[in-house]
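Reader: I am new to protein structures. Could you take me through one part of this one slowly, and then show me how that part sits in the whole?

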Amino acid sequence: MITLMISLTILHGTLFTVDEYLFHKKRGLSKNEIYNSLIDGALFLIPLVICIFFSFKPLMKNIFLGSAFLSCISIAKNELFYKDICVRERLIHSLLYVLHPAILYSFYISWAGDYFDAYPNFWMLQLIYIFFGLKTLAYRIIYWNYIHE
């Protein structure tokens, strides 16, 4: 499970970086895309933070499942905003859409199986993943609202 989760998160980060630097910066983003990406990012981080910082209990499990569901629904709505993007960017997006629930599920299984307590170094790796998620949100806010023309 640990290898799978690490592989999924590395692949996710790689595809996200390719999408941002090869496609988004080239074509630019509309304000709707910028705002929706911030909402999507925040909704994605909520269930991950629950897994990292809360014990696995029925209430937290239900909160996780609800927030994970909202996160998956949120990314699906993005296709409404992508009108004229190239096939390669659509492929990257489709791969990101597939990875999204897979990462949520792997965090859930690790959380339910108490991997984070059993393997503290693994917990630290996931904390780093959360940090990169927060860094990405901050980057998007600053770059797309203040630096990009």
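Where is D114 found? Please take a close look at that place and at what surrounds it in the chain.

Author: This is a predicted model. D114 lies in the loop between helix 4 and helix 5, and helix 5 covers residues 115-118. Look at the backbone of D114. Its phi is near 65°. That is a positive value, and D114 is not a glycine. Now look at its surface. The relative accessible area of D114 is 40%, so this residue counts as partly exposed.

Next, step back to helix 4. Helix 4 runs over residues 87-112, and helix 3 over residues 58-76. Two packed helices are described by the angle between their axes and the distance between the axes. Here the axes come within 10 Å and cross at roughly 170°. Angles over 145 degrees count as roughly antiparallel. Helix 3 and helix 4 are therefore roughly antiparallel to each other.

Which residues make this contact? Helix 3 brings M60, K61, F64, L65, A68, S71, C72 and I75. Helix 4 answers with Y97, H100, P101, L104, Y108 and W111. Sorted by class, the contact has 11 nonpolar, two polar and one charged residues.

F64 leads us to the core. In soluble globular proteins, nonpolar side chains tend to be buried together. In this model the largest nonpolar core has 31 residues. F64 and W111 are among those with the most contacts inside it, along with L48, I103, F107 and F116. Several elements give two or more residues to this core: helix 1 (2-27), helix 2 (31-53), helix 3, helix 4 and helix 6 (120-147).

Last, the whole chain. It has six helices and zero strands. The radius of gyration is 16 Å, close to the 15 Å that the globule rule gives for 149 residues, so the chain is as compact as a globular protein of that length. Its C-alpha atoms fill a box of roughly 45 × 30 × 25 Å along the principal axes. Buried residues make up 39% of the 149 residues. Take the contacts with a separation of 6 or more: residues 24 or more positions apart account for 82% of them.

How values were computed. Residues numbered from 1 in each chain as written. Predicted model: local features only at pLDDT ≥ 70, side-chain atom pairs only at ≥ 80, totals over all residues. Heavy atoms only, no water. Axes fitted to C-alpha atoms, helices over the stretch in contact; angles between N-to-C directions. Helix = DSSP H or I, 4+ residues; strand = E, 2+ residues; numbered from the N terminus. Parallel < 35°, antiparallel > 145°, perpendicular 65-115°, else oblique. Contact = heavy atoms within 4.5 Å. Nonpolar A, V, L, I, M, F, W, Y, C, P; charged D, E, K, R; others polar. Core = buried A, V, L, I, M, F, W, Y, C linked by side-chain atoms within 4.5 Å. Buried < 20%, exposed > 50% of the residue type's maximum accessible area, 1.4 Å probe, protein only. Rg over C-alpha atoms; globule rule 2.2 N^0.38 Å.
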